[in-house]
Amino acid sequence: MTGLGATTPLGGDVASTWEALVAGRSGVHLLEQEWARELPCRIAAELAVEPSEVLPRVRLRRLDRSEQIALVAAQQAWDDAGLNDDLEKERLGVVFGSGIGGALTLLAQDDILEESGPRKVSPFTVPMLMPNGPAAVVGLEFHAKAGVHAPTSACATSAEAISWAADMIRVGRADVVIAGGAEAVIGGLPMAGFSSMKAMSTRNDDPAHASRPWDRDRDGFVMGEGAGALVLERRDHAEARGAKIYAVVAGSGLTSDGYDIVQPDPECNGGGRAMAAAIKQAGIDPKEIGHVNAHATSTPVGDMAEVKGIKREVGDHVVLTATKSMTGHLLGGAGAVESIAAILAIVEGVIPPTINLENPDPALDLDVAANEARKVELNAALNTAFGFGGHNAALLFTKA
Amino acid sequence: MALSRDEIREGLSDILEEVAGVNPDDVADGKSFTDDLDVDSLAMVEVVVAAEEKFGVKIPDDEVANLKTVGDAVSYIEKG
């Protein structure tokens, strides 16, 4: 892992996002837009820095918002890794996902179709709404020719992307892979859909305290938007060019529940098997894992099921945290941004807090970095991500 | 009152800048959309739709292929 990039509700880059995470700042606000007025959930975590502040105007109009932020995060990761055009492009891959894709483009162009007819529909509609759009845009930007792939597994998407990226390098298909995910669907229809499932918090009168994983009074997730990108690189390739190495993707596990389309398995069997697979691949003793950056979305069932899985597969010695307490749920961007948080926890020796954990759920029997950042020396940290459809991903990072 | 060639070119230049980021200083009758101004086929679709709206003309799809330069487009719009 040689480069990191992100644009999130907490900051326009990795440094500002990390600073806000450690400080325990919430990125959740009341939505003032007209379209939000009738929604049961009128809160969300919008980007701290608009892509229009970073990308040129004509570029913006041809890209869906998810593609714009994928590009912003990938460019940062590329620059952070110190990569340039000398890289052999046939050895450069991209694995970049989105949970929902260009839904807002689809809706906006459908409005144009209804109001003005087919001729007014943008010729960029299809490349903007296709779910492989963020991967394709990133691949094109850096001229990646080893393969551009776009996993879509809802909220597990970008964790799955990192796993596939590591596999691409392990099997020898690429030397360098840009991996990550992006999501930008804060809009009427996606939010109404999640609300109809009763999956979202309705704490509209208190946005900053709405996302409260593991708290007794949690009432659903808060939607966020954002992107995370990581440069994975074969170790000898990174060493040969003297790149700084943040951490190592020591193991990854991908499993599926075979249980329900949206309900998490209450015993976290599938999630647990993903954790076990990551640990097995890394070949380390679970006791060496000091920290889990948990999926913990602030929903009543999912949060506690995951705790069972972690306790069973990793042990009761770990310190947990839930990044979503501050960023909201970045859906397809979550796994990448939370992996960055887990990696920086190892590098900096600091676990960011889980904010709003005022009255822990009585069933929470693991240690959480509640409300204040925790200084801990870490050799290994796990990130978990689970998605609608029963997709489970676990990534195990170890000290470089 | 019909627009002059200069007025049409200026209107076209505004469209090119808006949808394709073309520098207005580069817009001249002899410039090719694809070779000189970097307006690819998808961007050209946007230019045509915007030009139809702005100038109140119809530019059928099979006509677009003949509009290779800015001058071609100005002449077509001038004829109305």
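Here is a friendly set of questions and answers about this predicted model.

Local features need pLDDT of at least 70, side-chain atom pairs count only at pLDDT 80 or more, and totals for chains, interfaces and linings use all residues. Residues are numbered from 1 along each chain as its sequence is written, chains are lettered from A and ligands numbered from 1 in the order in which they are written, and side-chain values use heavy atoms, with hydrogens and water left out.

User: What is the strand order of the open sheet of six strands in chain A?
Analyst: Strands here are DSSP runs (E, at least two residues; helices are H or I, at least four), numbered from the N terminus. Two strands pair if DSSP finds at least two bridges between them. In this open sheet the pairing is mixed, and the order is 8-15-14-9-10-12.

User: Which strands of chain A stand at the edges of that sheet?
Analyst: The sheet runs in the order 8-15-14-9-10-12. Each edge strand has a single partner strand, so one side of each is left without a neighbour in the sheet; these are strand 8 (247-256) and strand 12 (367-368).

User: How many bridges join strand 8 of chain A to strand 15 of chain A?
Analyst: Leu254(A) stands opposite Ala393(A) in strand 15. Strand 8 and strand 15 run antiparallel, and the number of bridges joining them is nine.

User: Which residue is the bridge partner of Phe386(A) in strand 15 of chain A?
Analyst: Strand 14 (residues 380-387) and strand 15 (residues 391-399) of chain A run antiparallel and are joined by eight bridges. In strand 15, the partner of Phe386(A) is Asn392(A).

User: How many of the residues of strand 8 of chain A are buried?
Analyst: Buried means under 20% relative accessible area, exposed over 50%, and partly exposed in between (1.4 Å probe, protein chains only). Strand 8 is mostly covered, and of its ten residues the buried ones number seven.

User: Which residues of strand 1 of chain A point the other way from Gly3(A), Gly5(A) and Thr7(A)?
Analyst: In a regular strand the side chains alternate between the two faces of the sheet. Strand 1 (residues 3-7) has five of its five residues buried. Opposite to Gly3(A), Gly5(A) and Thr7(A) point Leu4(A) and Ala6(A).

User: What is the bridge partner of Ala6(A) in strand 7 of chain A?
Analyst: Strand 1 and strand 7 of chain A pair in the antiparallel sense over five bridges. Within strand 7, Ala6(A) is partnered by Gly228(A).

User: How many residues apart in sequence are the parts that Arg65(A) and Glu225(A) tie together?
Analyst: A salt bridge is a side-chain nitrogen of Lys or Arg within 4 Å of a carboxyl oxygen of Asp or Glu. Arg65(A) and Glu225(A) meet in one at 2.9 Å, N to O. Arg65(A) lies in helix 3 (residues 65-80) and Glu225(A) in the loop between helix 8 (188-196) and strand 7 (226-233), so the separation bridged by the pair is 160 residues.

User: Is Glu225(A) buried or exposed?
Analyst: Its salt-bridge partner Arg65(A) is partly exposed, with a relative accessible area of 21%. Glu225(A) has 3% relative accessibility, so Glu225(A) counts as buried.

User: What is the relative accessibility of Asp215(A)?
Analyst: Asp215(A) forms a salt bridge with Arg212(A), with the closest N and O atoms 3.1 Å apart. Arg212(A) counts as buried at 2% relative accessibility. Asp215(A) also counts as buried, at 0%.

User: How many salt bridges are found over all chains?
Analyst: In chain B, Arg5(B), Asp6(B), Arg9(B), Asp29(B) and Glu78(B) are linked in a network of salt bridges. A search of the whole structure gives a total of 35.
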